[in-house]
Amino acid sequence: MIAPSEPSATEDTDNIRSANLEWTLTRETGKPDVTEFSIRWRQSGTTSWRTDSSITLTEANCPSTDDDYPYCSGYDYTLPNLTTGVEHEIQIQAENRYGPGPWSESKTVTPGASFIPSIGDIVAGSDSSSRATIQVTWSAPSRSLAVTNYLVQWRSCGSSGYSCGSWGSSQTVAATGSLESFFPATSLRDGIYYQARVRANGTSSSGGNGAYDESARFPVKIDDNDTPNDRMDDSITFGDSIAS
């Protein structure tokens, strides 16, 4: 068998963890017909492939009367259970009654890439209690799938910006409200870098929760103002950020 064409690969319109694949295969004179295809995939940059070898052919593969079954004008398959927001490398292989042929050229796709919010910079602000805060805002995903809510998390990254701790201070934000999150100055430390991340949460039927978008890391300077140790009247400034 010869290799199928390099597949096209796009986000599935209904599920952020699936990818839609399409490919073609040319008939070879004097060789047995294709009987099935296999697909293998892996996250880009890794070495371990996962394989689905259960893609058998039926007349339904060739709905047009002009197609020469089993050689169709094009084949398609929806590959499920991928990791949203992560680039995957995909290849197709054809098989006849003598066995499999070579793998196709690779194609990459990032399922759920359009279901990731776009986070902004960390800025100074104040909360409903007039406390000084740092805050972050974000824009909704470009994808039309419904967002149930957003999960926001913060972490500190030390005085250098490169010694980040675990994510914490989680906050759930309604999709219908203001897309912003506050971190109060009462929990901040002077001269320390801080970072935020946000993800969109969806329904299980459309793939569930998406991937995070992370802000840059910003060093925070707290001015203790008129009343020492009273963060209600503090002001906050920032140094140069470090990209995430």
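1. A word on the basis first. This is a predicted model, in which local features need pLDDT of at least 70 and side-chain atom pairs count only at pLDDT 80 or more, while totals for chains, interfaces and linings use all residues. Residues are numbered from 1 along each chain as its sequence is written, and side-chain values use heavy atoms, with hydrogens and water left out.

2. Do start with the largest nonpolar core, which has 28 residues. The term covers buried Ala, Val, Leu, Ile, Met, Phe, Trp, Tyr and Cys residues joined through side-chain atoms within 4.5 Å; buried means under 20% relative accessible area, exposed over 50%, and partly exposed in between, with a 1.4 Å probe and protein chains only. Ile134, Trp138, Tyr150, Trp154 and Leu188 have the most contacts inside this core. At least two of its residues come from each of β11 (132-139), β12 (149-156), β15 (193-201) and β17 (218-223). Strands here are DSSP runs of E, at least two residues long, numbered from the N terminus. A second, separate core has 22 residues, including Ile55, Cys62, Tyr71 and Cys72.

3. Next, have a look at the open sheet of 3 strands, ordered β1-β2-β5 with antiparallel pairing; two strands pair if DSSP finds at least two bridges between them. β1 (8-11) and β5 are the edge strands, each with a single partner, so one side of each has no neighbour in the sheet. From one strand to the next, the twist averages 20°, taken between axes fitted to C-alpha atoms, with angles from 0 to 180 degrees between N-to-C directions. Strand β2 (residues 19-23) is joined to β5 by 5 bridges, and Glu22 lies opposite Asp76 in β5.

4. How many disulfides does a search of the whole structure find? There is 1 (a pair of cysteine sulfur atoms within 2.5 Å). Cys157 and Cys164 form it, with their sulfur atoms 2.0 Å apart. The torsion about their S-S bond is about 100°, so the disulfide is right-handed. Cys157 is buried at 0% relative accessibility, whereas Cys164 is partly exposed at 30%.

5. Finally, two backbone angles to check by eye. Asn81, in the loop between β5 (75-79) and β6 (88-96), has a positive phi of about 60° although it is not a glycine; Asn81 is exposed, at 61% relative accessibility. Ser169, in strand β13 (residues 168-174), also has a positive phi, near 50°, and is partly exposed at 47%.

Notes. Helices (H or I, at least four residues) and strands (E, at least two) are DSSP runs, numbered from the N terminus.
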